[in-house]
Amino acid sequence: MIMERSTNWREDFIKRFEQDGPWDSWTLYKMSYEIEKMNLIPEFSGLQAPKFLTNLQLLPHQVEAAQTVIEKMNGKAILADEVGLGKTIEAGLIMKEYMIRGLVKKALILVPASLQNQWVTELNVRFFIPAISYRKNTPIDQYDVVVMSMDTAKKSPHREKIYEQDYDMIIIDEAHKLKNHKTQIYEFVQSLKKKFCLLLTATPIQNDVFEIFYLVSLLKPGHLGNYEAFQSSFSATKNSIDGEKYLKELVNQVMVRNRRHDTGIEWTRRKVETIPVQFTSQEQEVYNMISELKSVSSIFASSFTMVTLLKEMCSSKEATFLTLNKMIQKCSSTEEKNYIEAIIEKLMNLETNAKAEKVIEIIEKAQDKVIIFTEYRATQAYLQWYLYTKGITSVLFNGKFSKSKRDWMKQLFRERAQVLIATESGGEGINLQFCHHVINYDLPWNPMKLEQRIGRVHRLGQEEDVHIYNLAIENTIEQKILDLLSSKIDVFEKVVGDLDDILTRKA
Amino acid sequence: MYAEEIHDYLKSFFKETDCEVLHDEGHLLTVQLTIDIDKKIMNRPFYWQYIEATNSTPNPARLTLITNRTKVDNPLMGEVIHFGSGRLNQIFKATKELGSFVKMYQQVSNETGKQQTLTPYFCVNYKVSYYCDQTKEKLYSLGINLMNGEIEDNFHEFVSQLNLAPYQPDGSFCLQYIIKPTRALERLDVMIQSIIQNDDHSWAEEAKKRWIKEQEVLDYFYVGVEEKPESYQIEKKGLEERFNPRIKVEIINGGLFYIK
């Protein structure tokens with residue numbers, strides 16, 4: 001076993017002994033010994049960090065999570081608490097504990113750019129960990145704890161600079177961004193030495209079961225076997241899986257997941273309703289014409305384009321028009337052009353948007369603040385105009401807003417407007433507990449996006465029940481999306497664990 | 001450490017280091033630092049470099065420390081100090097530095113007129129740390145009698161109860177040591193080694209078991225791969241750094257003691 005002897009005490013003592021001094025103060029000598037005694041780590045197990053964290057009210061599930069990671073998972077884990085239970089706190093607590101125990105000195109924290117400053121503040125203020133925010137040209141070799149945006153980290157010359165460092169701990173927030181093993185960021189993290197490592201995500205599976213395989217393989221390669229073994233032992237295809245019981249057990253060896261209802265905190269309820277909407281006959285006609293497009297022109301042969309168009313048609317004529325208009329430029333034959341022009345003409349003549357009318361109905365019934373999520377900027381603008389004509393005030397929100405603009409919009413929503421209309425990318429990083437109604441105007445393919453949306457409102461601090469309205473137009477692609485969403489939720493629950501309601505439960 | 005304990009600690013620290021306490025309210029302390037202490041706890045090497053390079057008049061900081069935030073209306077009046085805060089850690093570090101070596105004499109009275117004989121002892125306070133993916137620390141305070149070479153544990157606890165001062169009391173006689181302190185230091189180092197060797201090291205066995213298990217998992221991932229990629233070597237190194245058991249022996253402080 002390696003035995004290190006540290007300090008130059010011996011040499012210094014001999015010097016002082018030979019010169020008979022200078023000798024130190026007996027009081028300071030005793031104080032120094034007392035401090036060592038007080039800060040001593042008497043056991044391998046247990047947490048030392050909480051007594052240092054006087055600025056922090058730790059919740060029991062957070063302490064338990066940290067202990068499990070350190071004592072049972074040997075310091076490598078996926079922290080997969082549901083949104084709003086304090087994964088950041090858990091990660092900070094674990095890091096602090098390792099720092100106190102002298103096991104971690106240098107740590108790298110990779111986060112989405114929008115969360116970079118928040119992490120730096122939390123670590124400094126709550127955990128007294130002197131973390132710095134990485135900007136271009138920051139000399140990272142001079143700092144022990146660095147918070148960096150993932151997008152920066154994966155690129156040259158930053159990635160090379162990181163590889164030169166010898167980090168004891170890597171923390172990755174919003175780790176579901178690493179679900180795709182073919183991406184630059186995945187390869188980057190794969191080649192990073194992960195002595196201690198935490199992956200934070202509320203949604204370890206978003207679309208298919210291979211995502212959990214790749215996530216776990218990043219953390220602990222081999223834990224779920226290699227790709228072939230995984231595929232054959234669980235006969236995994238994207239949306240179904242055999243032997244899920246065993247997989248779940250394996251996953252749980254490297255994953256901590258607290259659910260809201262396990263925390264002992266009173267949570268308000270989620271009331272999820274699927275609201276079916278009927279197209280007007282004119283809308284239906286345009287929708288049908290769009291469905292026919294693929295037989296009219298090869299440009300529409302790509303199923304991706306078709307799906308986009310159909311989804312847009314379920315959203316608003318504004319969103320549809322933008323795409324159609326782009327497509328028409330690519331058409332060569334007049335026949336194709338004529339067909340599309342006919343669609344556009346019909347489209348422009350539409351006077352009612354059945355879904356938007358439904359939205360008004362819900363808002364009027366709610367008589368309260370409402371958030372509407374849409375996937376399209378054009379729809380977002382349309383809805384604001386439409387609500388305005390009905391005398392309903394609204395503000396817009398999207399992910400491209402700067403921090404100060406976000407705060408401003410949040411303020412406006414809280415104090416002046418009844419409705420906030422957000423696009424998908426506006427989902428992360430705002431907390432709106434003062435609102436209790438969420439309308440999912442369009443449905444995304446990924447159930448976890450819905451969970452993220454709902455999480456903006458249904459989180460610690462929410463005092464009332466939260467109403468969620470999922471709008472879906474009957475006999476359209478949205479029906480299929482609903483089915484797919486529920487089969488994805490099914491896989492998630494089998495492998496990861498139960499989810500709070502996102503969709504209306506099947507009977 | 002509670003607020004009052006921190007407050008008392010700070011007061012003793014500043015008193016011992018000749019920093020004048022200008023104001024003390026029990027939860028708030030204003031203190032004028034000396035140059036030496038400013039350099040140790042204020043984190044401003046560039047300032048001191050500048051002062052020394054330009055021969056300017058030094059201006060050591062005057063600090064207002066709040067030890068109990070709940071009793072202060074305006075926390076901006078000073079710096080809030082609590083267990084875990086960076087400044088307190090720096091003060092702990094300074095304490096360690098300034099309390100490393102002592103030479104102390106037991107204060108015995110010679111009322112009876114009889115001369116008191118004091119025996120020399122040499123003491124080292126060791127901190128032993130066991131590291132793998134977890135940590136455990138132990139303190140050993142070993143004192144050796146410099147006349148006969150006997151070694152005792154818990155020496156610090158013993159001497160802290162005595163009435164000690166840094167000078168020889170009147171009418172006492174100090175025996176000349178037979179074992180030279182430098183030699184005694186070697187003996188104590190041997191002693192601490194043997195204490196460690198005889199300790200229970202199942203923790204290291206357990207860590208190795210965890211290490212082997214995780215190494216097997218890693219190998220499974222690359223089964224059938226002829227030439228293992230760099231990421232395999234990186235992972236392997238990570239496992240070694242995490243689980244490989246290590247022991248560190250650190251000296252906190254120590255010194256010479258003349259006792260009855």
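**The interface of chain B and chain A**

Tutor: Between chain B and chain A, 19 residue pairs are in polar contact, with both residues at pLDDT 80 or more. That confidence value is quoted since the model is a predicted one. On the side of chain B that touches chain A, strand β11 (residues 246-259) gives the most, with 12 residues. Sorted by class, this side of chain B has 39 nonpolar, 21 polar and 22 charged residues.

The extent of the contact may be considered next. Chain B contributes 82 residues to the contact, and chain A contributes 68 residues. The area buried between chain B and chain A is about 7300 Å². Carbon and sulfur atoms give 64% of this area. Within chain B, the residues that lose the most area to chain A are B:Phe83, B:Phe101 and B:Phe221. Together these three residues account for 11% of what the chain B side buries.

Charged side chains also take part in the interface. Side chains of opposite charge can pair when their charged atoms come close. One salt bridge is formed by A:Asp20 and B:Lys103, whose closest N and O atoms are 2.6 Å apart. This pair crosses between chains: A:Asp20 is in the loop between α1 (9-19) and α2 (26-38) of chain A, and B:Lys103 is in strand β5 (residues 101-106) of chain B. Are the two partners buried or exposed? A:Asp20 has 46% relative accessibility and therefore counts as partly exposed. B:Lys103 counts as buried because its relative accessibility is 14%, and the cut-off for buried is under 20%. A further salt bridge joins B:Lys96 to A:Glu36, with 3.5 Å between the closest N and O atoms.

Salt bridges are also found inside chain B. B:Lys11 and B:Asp24 form one through their side chains, at 3.3 Å from N to O. B:Lys11 belongs to helix α1 (residues 3-16) of chain B and B:Asp24 to strand β1 (residues 20-24) of chain B, and the two residues are 13 apart. B:Lys11 is partly exposed at 34% relative accessibility, and B:Asp24 is partly exposed at 35%. Another pair consists of B:Asp199 and B:Lys138, with closest N and O atoms 2.8 Å apart. B:Lys138 has a relative accessible area of 23% and is partly exposed.

Domain 1 covers 3-98, domain 2 covers 101-201 + 247-259, and domain 3 covers 207-244. Taken over C-alpha atoms, the centres of domain 1 and domain 3 of chain B are separated by 48 Å.

Chain A contains 20 helices and 14 strands, and its C-alpha atoms fill a box of roughly 105 × 55 × 50 Å along the principal axes. Its domains are domain 1 (49-262), domain 2 (270-276 + 352-474) and domain 3 (281-349). The centres of domain 1 and domain 3 of chain A, taken over C-alpha atoms, are 44 Å apart.

Among contacts between residues at least 6 apart in sequence, 75% join residues at least 24 apart. One example of separated residues is A:Phe373 and A:Ile439, which are 66 residues apart along the chain and have C-alpha atoms separated by 6.2 Å. A:Phe373 is found in strand β10 (residues 370-374) of chain A, and A:Phe373 is buried, with a relative accessible area of 1%. Chain A also has a network of salt bridges that links A:Glu82, A:Arg257, A:Arg259, A:Arg260, A:Arg270, A:Glu451 and A:Asp500.

How values were computed
Residues are numbered from 1 along each chain as its sequence is written. Chains are lettered from A and ligands numbered from 1 in the order in which they are written. This is a predicted model: local features need pLDDT of at least 70, side-chain atom pairs count only at pLDDT 80 or more; totals for chains, interfaces and linings use all residues. Side-chain values use heavy atoms; hydrogens and water are left out. Domain bounds come from an automatic or database domain assignment. Contact means heavy atoms within 4.5 Å. Buried area is the accessible area (1.4 Å probe) that two parts lose on being put together, summed over both. A salt bridge is a side-chain nitrogen of Lys or Arg within 4 Å of a carboxyl oxygen of Asp or Glu. A polar contact is a pair of N or O atoms within 3.5 Å; within protein, one must be able to donate a hydrogen and the other to accept it, and residues adjacent in sequence count only if both atoms are side-chain atoms. Helices (H or I, at least four residues) and strands (E, at least two) are DSSP runs, numbered from the N terminus. Ala, Val, Leu, Ile, Met, Phe, Trp, Tyr, Cys and Pro count as nonpolar, Asp, Glu, Lys and Arg as charged, and the others, Gly among them, as polar. Buried means under 20% relative accessible area, exposed over 50%, partly exposed in between (1.4 Å probe, protein chains only).
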